[in-house]
Amino acid sequence: MQEHVCLIGFDEPEITVLKQRISGRVTAHPSLPGYRGEDGQLYVDNEQGGWQSRVDRVIFHGIFEEDQELFVALALWGGPCFPNPLGMLACRDKQACLVRALSQTRYPGRGRGYVPAGSVVNLQTEQVAKWGNWHCGENKARIQGEWRAEFSSTLEPFYPGDAVRVVLLGGEVLQIRLAGDNWLKSIHDPTADFMEVDVELADDTRALARYFDLPVIANDYIVGDDGQKYLLEVNHIPNVTRFPLIWERYAALVTDWCQT
């Protein structure tokens, strides 16, 4: 009997690619579908909504406001899910994820802080405040002197240097030099590109992937002007479509996973 594989969070043309490569019945939902788990089974809406059918595997990709509830359902279901829902739960809150990651990385840096919403700080050195669960160049600010936190925020020193992303895809590691016209660097800048992999950062990324039990992970680091390295954040659902090479490796990884 053919398996029913449910894709969640993908857009076209990626949906078409995966449907062509994965054998069996494949249902795709660009956003969160209706779902329920009962008696050890997982049921998900069909592609038009409405009636639900049992699924055998789930491949999840994306960030959604209510996705933590889905991760709980997937974990309690206990069926094959890519990536591991326990790892996604551990990383979904970015502030809590950062605390966990800093306890494991070789490159935590020093001078981190936290300010609750409404607090006022007076900073003697330049720092970066970050808040919320969606960064992508937003929800962060370079600050110094007196600053009032509108939202509960983490603080980290502003590290001058090169911003890089280290991406783990199964057993493979790729590294990207992030770019941008200002201090906010991103993979989406047209000049962002692959670079030689830093062996130490690759090892650190592998260690964090093992800690969170995630087969795909992307860590953002600063390689400082002084040669020191600093972990900035862990991306548990990293963008896999910005670069064709990463998409091809990711598609092959999940296709192979469906055959295990």
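Contact here means heavy atoms within 4.5 Å. The model described below is predicted.

## Val197 and its surroundings

Val197 sits in the loop between strand 14 (193–195) and helix 5. Leaving aside neighbours within four places in sequence, Val197 is in contact with Val173, Leu174, Gln175 and Ala202. Its relative accessibility is 30%, so Val197 counts as partly exposed. Val197 and Gly9 are 188 residues apart in sequence. In space, C-alpha to C-alpha, Val197 and Gly9 are 29 Å apart.

Ser53 belongs to strand 5. Ser53 counts as buried because its relative accessibility is 10%, and buried means under 20%. Beyond four places in sequence, Ser53 is in contact with His4, Arg25, Leu42, Tyr43 and Val44. Ser53 and Arg21 are 32 residues apart in sequence and 22 Å apart in space, C-alpha to C-alpha.

Asp56 lies in the loop between strand 5 (52–55) and strand 6 (57–60). What does the side chain of Asp56 make a polar contact with? The side chain of Arg54, at 2.6 Å. A polar atom of the Asp56 side chain also lies 2.7 Å from the backbone nitrogen of His4. Not counting residues up to four places away in sequence, Asp56 touches Gln2, Glu3, His4, Trp77 and Pro80.

Helix 1 covers residues 14–21, and its buried residues are Glu14, Ile15 and Leu18. Seen down the axis of helix 1, these fall within an arc of 100°, so they line one face of the helix. An α-helix has 3.6 residues a turn, so residues three or four places apart point the same way. The buried residues of helix 1 pack against strand 1 (4–8), strand 2 (25–29) and helix 6 (244–258).

Helix 4 covers residues 94–102. Lys94, Gln95, Cys97, Leu98 and Ala101 are buried there. Seen down the axis of helix 4, the buried residues fall within an arc of 160°, so they line one face. The cover over them includes helix 3 (85–92), helix 5 (199–212) and strand 8 (113–115). It also includes strand 9 (120–130), strand 11 (153–157) and strand 16 (229–235). At the start of helix 4, a side-chain oxygen of Asp93 comes within 3.1 Å of the backbone nitrogen of Gln95.

## Spaces in the structure

A search of the whole structure finds two cavities of 30 Å³ or more. The table sets out their volumes and linings.

| Cavity | Volume | Lining residues |
|---|---|---|
| Largest | About 60 Å³ | Phe60, His61, Phe82, Pro83, Val216, His236, Ile237, Pro238, Val240, Tyr250 |

By class, the lining of the largest cavity has eight nonpolar, two polar and no charged residues. The second largest cavity is lined by eight nonpolar residues, with no polar and no charged ones. Strand 4 (41–45) and helix 2 (67–77) each give two or more residues to the lining of the second largest cavity.

There is also a pocket to note. The second largest pocket holds about 170 Å³ of space. Its lining is Arg106, Tyr107, Pro108, Gly109, Arg110, Gly227, Gln228, Lys229 and Tyr230. By class, that lining has three nonpolar, three polar and three charged residues.

## Backbone points to notice

Most residues other than glycine have a negative phi, and most peptide bonds are trans. Which peptide bond involving Glu12 is cis? The bond that joins Glu12 and Pro13, with omega about 5°. Pro13 is in the loop between strand 1 and helix 1. The peptide bond from Phe82 to Pro83 is also cis, with omega near -5°. Pro83 is in the loop between strand 7 (81–82) and helix 3. Both Phe82 and Pro83 are among the residues lining the largest cavity.

Asp39 is not a glycine, yet has a positive phi of about 50°. Its place is the loop between strand 3 (35–38) and strand 4. Is Asp39 buried or exposed? Its relative accessibility is 74%, so Asp39 counts as exposed.

Asp213 likewise has a positive phi, near 55°. Asp213 is found in the loop between helix 5 and strand 15 (216–224). With a relative accessible area of 49%, Asp213 is partly exposed.

Conventions
Residues numbered from 1 in each chain as written. Predicted model: local features only at pLDDT ≥ 70, side-chain atom pairs only at ≥ 80, totals over all residues. Heavy atoms only, no water. Helix = DSSP H or I, 4+ residues; strand = E, 2+ residues; numbered from the N terminus. Polar contact = N/O pair within 3.5 Å; in protein donor to acceptor, adjacent residues only side chain to side chain. Buried < 20%, exposed > 50% of the residue type's maximum accessible area, 1.4 Å probe, protein only. Arc of directions from axis to C-beta. 1 Å grid on protein atoms, 1.4 Å probe; cavity = no way out; pocket = protein on both sides within 12 Å on 5 of 7 lines; lining within 4 Å. Points joined across faces, edges and corners; volume = space filled by probe spheres on them. Nonpolar A, V, L, I, M, F, W, Y, C, P; charged D, E, K, R; others polar.
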